[in-house]
Amino acid sequence: MSERQIFLDTETTGLRVEEGHRIIEIGAVEMIGRRLTGRSFHERLDPEREIEEGAQRVHGMDRESLRGKPRFADVAERLLAFLEGAEILIHNAPFDVGFLEAELARCGARVRSLSEIARVTDTLALARELFPGQPASLDRLCRRFGVEASHRVYHGALLDAELLAQVYLRMTQGQTAFELSAAAPAMVGAERVADADSPGPLPLLPASAEERRRHEARLAAIRARAGRCLWPSPEGIAERGTG
């Protein structure tokens, strides 16, 4: 069986885990054999603390909207079971992994490090390796690869995990169809650009009399210097075209 991959994203109360900020949303989708299986993990969580205004502007969630939601400790074992044995792909993995491992330690889960149960791949590092010096945010990669993200008004963990899966397939020259049945290969990279920018068949412009004369003179000079010339004269081309 092909390797199982999980695309994961989190939203948090703030940017600094060392300041006690917490996870408020986890979203993850499963892929096997470069096909989304339809299985996912999604929870919004009560962080048991206030949410910074800057974070609220990013994900649109405030403290009141999360009251009564499960705590991380309530979903930790179910999350670990979903992740176990997979390759976990995260955009800017150190950020999310730092928050996840802080939450695991806080609730006394059976593992403290994701590396104990899975392999973590940072897709941001992969994008920067593929496109050095170029912007590599999820938004920019969606635009680069033609992934539809206009509905992404706010960041959302499950939505961003789904977008990351689509970006990853294109970034690794995979297919873009996400039906659970057959899927067609994607047109990616230079092929997409070439198809979009091509003006159609190029016109054939015949040489003028002066251009033909100068061409003949050039061929004669080559014959005089080298003893022969591999290029036919315009008359020879015309004769072969009508023969």
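In these legends, a residue is called buried when its relative accessible area is under 20%, exposed when that area is over 50%, and partly exposed in between (1.4 Å probe, protein chains only). This is a predicted model, in which local features need pLDDT of at least 70 and side-chain atom pairs count only at pLDDT 80 or more, while totals for chains, interfaces and linings use all residues. Residues are numbered from 1 along each chain as its sequence is written, and side-chain values use heavy atoms, with hydrogens and water left out.

**View 1. Glu87, a buried residue in strand E4.**
Welcome to the first close-up! Glu87 has a relative accessible area of 6%, so it counts as buried. Its strand, E4, covers residues 87-90. Helices (H or I, at least four residues) and strands (E, at least two) are DSSP runs, numbered from the N terminus. Leaving aside residues up to four places away in sequence, Glu87 touches Glu3, Arg4, Gln5, Ile6, Arg119 and Thr121; contact here means heavy atoms within 4.5 Å.

**View 2. The aromatic pair of Phe41 and Phe82.**
A search of the whole structure finds four aromatic pairs. Rings of Phe, Tyr and Trp (its six-membered ring) pair if their centres lie within 6.5 Å; planes under 30 degrees apart count as stacked, over 60 as edge-to-face and the rest as tilted. Phe41 and Phe82 make a tilted pair, 6.2 Å centre to centre with 35 degrees between the planes. Phe41 belongs to strand E3 and Phe82 to helix H3 (residues 72-83), so the pair ties together parts that are 41 residues apart in sequence. Phe41 is buried at 3% relative accessibility, and Phe82 is buried too, with a relative accessible area of 5%. Look also for Arg4, which lies over the face of Phe82 at 5.4 Å from the ring centre. A charge sits over a ring if NZ of Lys or CZ of Arg is within 6 Å of the ring centre and within 35 degrees of the ring normal.

Phe131 is buried, with a relative accessible area of 19%, and Phe145 is buried at 8%.

**View 3. Helices H5 and H7 packed together.**
Two packed helices are described by the angle between their axes and the distance between the axes. For H5 (residues 123-130) and H7 (residues 157-171), the angle is about 35 degrees and the axes are 12 Å apart. Axes are lines fitted to C-alpha atoms, for helices over the stretch in contact, and angles run from 0 to 180 degrees between N-to-C directions. From H5, Thr123, Leu126, Ala127 and Leu130 meet Leu164, Tyr168 and Met171 of H7.

**View 4. Glu48 and Asn92, two residues with positive phi.**
Most residues other than glycine have a negative phi. Glu48 has a positive phi of about 60 degrees and is found in the loop between strand E3 (35-44) and helix H1 (53-59). Asn92 has a positive phi of about 70 degrees and lies in the loop between E4 and helix H4 (93-107). Glu48 is partly exposed at 45% relative accessibility, and Asn92 is partly exposed at 33%.
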